Amino acid sequence: MIKAIILFLIGFVLLIKGGDWFVDGAVGIAHRYHIPEILIGATVVSIGTTIPEVMVSSIAAAVGQSQTAYGNAIGSIICNTALISAITIAAKASADVDTRTFKTPVIFFFIAALLYCGVAYTTGYFSRAIGIILLSIFVIYMAITVRQAFSGKLVMDAEDDQVKENPLWKDILFLILGAAVIAVGAKLLVDNGKIIAAGFGVPESVIALTFIALGTSLPELVTAITSLVKGHAALSLGNIVGANLFNLVLVSGMAITIQPFNIPADKLLAGRNASLVVDIPVMLFVMAFMTIPALCTKKLRRYQGIVLLLIYACYVAFQFFF
C-alpha cells in the first residue's frame, strides 16, 4: 500500500509538469500559425489529454472489462464538464466564448451522443459497427476542423500574436514530451489509485465511473488549471469540449471496435439499469448546461461553474452511498 501511495504521488507530479509543457507547446503553435487557442484546445490538446482514456478503455475492452471501458468514457465526460470545466468557469466572473470555434465540437458531441444514447436505450449492445461509426465521426470532425483552421475563417487577429515565439522544434518537443509525461503520470495514478481504492472495498463499477474517470481526466484538470494560470482560459475550454467529444467517438469507438459489449447492468435504480437512469442523463445535462447558454450569450457565467460543481458532488455521493 505504501508503494502504491508513493507511485501515486509521483504520477501526480509527472502530470503537473507534463501539463505545463503541453500547454506551452500548444499555445506556441497556436500563435505561430495564427490559429485560435480554443481551436488548438479542441483538437491537438484534446487528443493529447485523452490518451489516458484511450489506453485505459482499450486495454479494459481487450481483456473483457466492459464496466471499465464503458464507465471510464461516461465518467470522464461528467468529470471533465462538472468538475474540471466548472473549476475554470467558477474561477472567472465571466468568460467570453468565440462561438465560431466553440460550436463545431459542441454540434459533433451531441450528434455522437444521439447515436450513443439511441443504442444504449434500444438494444443496450454496442456492436463493432457502432464502434466504427463513432471512429468515423472522429475522423470527419478532425478533417472539418483542420479545414476551417487553414481556410482563413478562424484566423486570429494580428494584435493577439504579440507573444515571444520559441523555435518550432521546441514547441513540438514540448507538445510531444508533455503528452508522453501526462500519459505516464496518468497510468501511475490509475494503476496505483485502483490498488488504494480496492483496499477500501470500492466496487469496480463505482471505481470506473468515479475514480478511474477522475484519474484519466487529471490531464484535462492539470491542463485547465495550467491554462488558467497562464491566462489561456480559451485553450482550457476548447480542451474540455474536445476531450468530451473524443471520449464518445475516439475512446468509446476504439474500445467498442476492439471488443463489442453490453451496457453493464450491475447496479439498479427502481428496477432499471442505473446507468440509463442516472449516468447518461447526467452526462447529457451537464454538457447542455455548460454549452447551450454559452452558444446563446457568447459568455460563460460563474453561476454555471458553481451549479456544475454541486451536480458533480451529488453524482459522486450517489455513486458511493446509494
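**Group meeting: helix packing and cores in a predicted model**

Good morning. The protein chain holds 10 helices and six strands; helices (H or I, at least four residues) and strands (E, at least two) are DSSP runs, numbered from the N terminus. This is a predicted model, in which local features need pLDDT of at least 70 and side-chain atom pairs count only at pLDDT 80 or more, while totals for chains, interfaces and linings use all residues. Residues are numbered from 1 along each chain as its sequence is written, and side-chain values use heavy atoms, with hydrogens and water left out.

Of the 322 residues in the protein chain, 54% are buried, where buried means under 20% relative accessible area, exposed over 50% and partly exposed in between (1.4 Å probe, protein chains only). Contact here means heavy atoms within 4.5 Å. Among contacts between residues at least 6 apart in sequence, 85% join residues at least 24 apart.

I turn to the cores. A nonpolar core is a set of buried Ala, Val, Leu, Ile, Met, Phe, Trp, Tyr and Cys residues joined through side-chain atoms within 4.5 Å. The largest one has 61 residues, and the members touching the most others are Y70, F126, L245, F246, L248, V249 and M290. At least two residues of this core come from each of α2 (37–62), α3 (66–91), α4 (99–122), α5 (128–149), α8 (233–258), α9 (274–297) and α10 (302–321). The largest share, 12 residues, is supplied by α3. As for L248, its contacts beyond the neighbours within four places in sequence are I77, F109, A112, A113, Y116, L134 and G253. A second, separate core has 10 residues, including I29, I182, L189 and V222.

Let us follow α3. With 26 residues, α3 reaches 36 Å from its first C-alpha to its last, close to the expected 38 Å; the expected span of a helix is 1.5 Å times one less than its number of residues. A kink of about 35° is centred on N80, the bend being the angle between axes fitted to the seven residues ending there and the seven starting there. Because 22 of its 26 residues are buried, α3 is largely enclosed by the rest of the structure.

Which helices does α3 cross in a left-handed way? One of them is α10, and another is α9. A crossing is left-handed if the near helix is turned anticlockwise from the far one by less than a right angle, and right-handed if clockwise. The axes of α3 and α10 lie 7 Å apart at an angle of about 145°; axes are lines fitted to C-alpha atoms, for helices over the stretch in contact, and angles run from 0 to 180 degrees between N-to-C directions. The axes of α3 and α9 come within 10 Å and cross at roughly 35°. Y70, I74 and I77 are among the α3 residues making that contact, and M287 and M290 are among those of α9.

Finally, some local points. The 31 residues of α1 should span 45 Å, and its end C-alpha atoms are 45 Å apart, which agrees. V27 lies in α1 (residues 2–32) and is buried, with a relative accessible area of 8%. Its C-alpha is 9.6 Å from that of L175, 148 residues away along the chain. Just after α1, H34 takes a positive phi of about 55°. K298, in the loop between α9 and β6 (299–301), has a positive phi of about 65° although it is not a glycine. Most residues other than glycine have a negative phi.
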